[in-house]
Amino acid sequence: MAKKQAVSFKLNGRQVEVLVEPRELLIHSLREKLQHTGPHIGCETSHCGACTVDLDGMSVKSCTVLTVQCQDAEVLTIEGFEQSGELHALQEGFTQEHGLQCGYCTPGMITRAFRLLKENPSPSEEEIRYWMAGNLCRCTGYQNIVKAVQYAAKKMSSAHT
Ligand code: FES
Ligand code: FES
C-alpha cells in the first residue's frame, strides 16, 4: 500500500487536513473523510458533473482530481453556498424556477453555474447551455435549469447596481 500523505487545504473557508494515499480522488476525500456529501458521485469517469466543485477559481469535476493536488488550494462545495441562513441566489433560483426533481445533479449544477456567473455575469441562454453541457440531469430536462441560472444572474446583477 502506498504511503499516506497529509494534505491541507481550505474547504469552504475553513482549513482542513486529510491523510490520503496518492491515488485518492478529491470526491472521496470530500465525502468520506470530510463529511461533505453535497458533491455527488454519478459516473466517476468525468461525464456527469455531479461531483463538480470550485478549485482555486476553476470549475472542476472532483472525480478527476487527486486530493494530493489540492495542497494549499481553496475548494468550494455546495455546502459553502448558504451564508448565515440565507440561500445563495443560485439556490433560490433552482427553488423558484423548479430546476430540480430528485436533486441528485443539483449540487454540481449550482457549483458549475456559480463559476459561469463569476466569469460572465449576464450570460445568454446559449452561453448557459454551452457552459452547463458537462452537467447531466436525468430527470428534469434543462429548461428550468437554464431559467434558474437566469434568475440568479438577474438577482446578482441587481444586487450590484
Ligand atoms: S462523478 Fe464526476 S463527473 Fe460524474
Ligand atoms: S434533478 Fe434528478 S438528476 Fe437532475
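A salt bridge is counted here when a side-chain nitrogen of Lys or Arg lies within 4 Å of a carboxyl oxygen of Asp or Glu. Keep that rule at hand for several of the stops below. The model is predicted, so local features need pLDDT of at least 70 and side-chain atom pairs count only at pLDDT 80 or more, while totals for chains, interfaces and linings use all residues. Residues are numbered from 1 along each chain as its sequence is written, chains are lettered from A and ligands numbered from 1 in the order in which they are written, and side-chain values use heavy atoms, with hydrogens and water left out.

**The whole chain**

Start with a cartoon view of the chain. It shows 5 helices and 5 strands; helices (H or I, at least four residues) and strands (E, at least two) are DSSP runs, numbered from the N terminus. Following the sequence, the order is β-β-α-β-β-β-α-α-α-α. The radius of gyration is 16 Å, close to the 15 Å that the globule rule gives for 161 residues, so the chain is as compact as a globular protein of that length. That radius is taken over C-alpha atoms, and the rule is 2.2 Å times the number of residues to the power 0.38. Along the principal axes, the C-alpha atoms fill a box of roughly 50 × 35 × 25 Å.

The accessible surface comes to about 8,700 Å², and carbon and sulfur atoms account for 50% of that; the areas come from the Shrake-Rupley method with a 1.4 Å probe, and for residues only the protein chains shown count as cover. Of the 161 residues, 47% are buried. Buried means under 20% relative accessible area, exposed over 50%, and partly exposed in between (1.4 Å probe, protein chains only).

**Salt bridges**

Side chains of opposite charge can pair when their charged atoms come close.

Select arginine 23 and glutamate 21. Their side chains meet in a salt bridge, at 2.8 Å from N to O. Which of the two is exposed? Arginine 23 is, with a relative accessible area of 64%, whereas glutamate 21 is buried at 12%.

Move to aspartate 54 and arginine 115, whose closest N and O atoms are 2.6 Å apart in a salt bridge. The pair links distant parts of the chain: aspartate 54 sits in strand 3 (residues 52-55) and arginine 115 in helix 3 (residues 106-119), 61 residues apart. Aspartate 54 counts as buried at 5% relative accessibility, and arginine 115 counts as buried at 11%.

Then select glutamate 92 and lysine 155, a salt bridge with 2.7 Å from N to O. Glutamate 92 belongs to helix 2 (residues 89-96) and lysine 155 to helix 5 (residues 143-159), so this pair ties together parts that are 63 residues apart in sequence. Lysine 155 is partly exposed, its relative accessible area being 36%.

Most residues other than glycine have a negative phi. The last two stops have a positive one.

Select aspartate 72, where phi is near 65 degrees. Where is this residue placed? Aspartate 72 is in the loop between strand 4 (58-61) and strand 5 (74-76), and it is exposed, with a relative accessible area of 61%.

Finish at histidine 98, which has a positive phi of about 55 degrees although it is not a glycine. Histidine 98 lies in the loop between helix 2 and helix 3 and is exposed at 55% relative accessible area.
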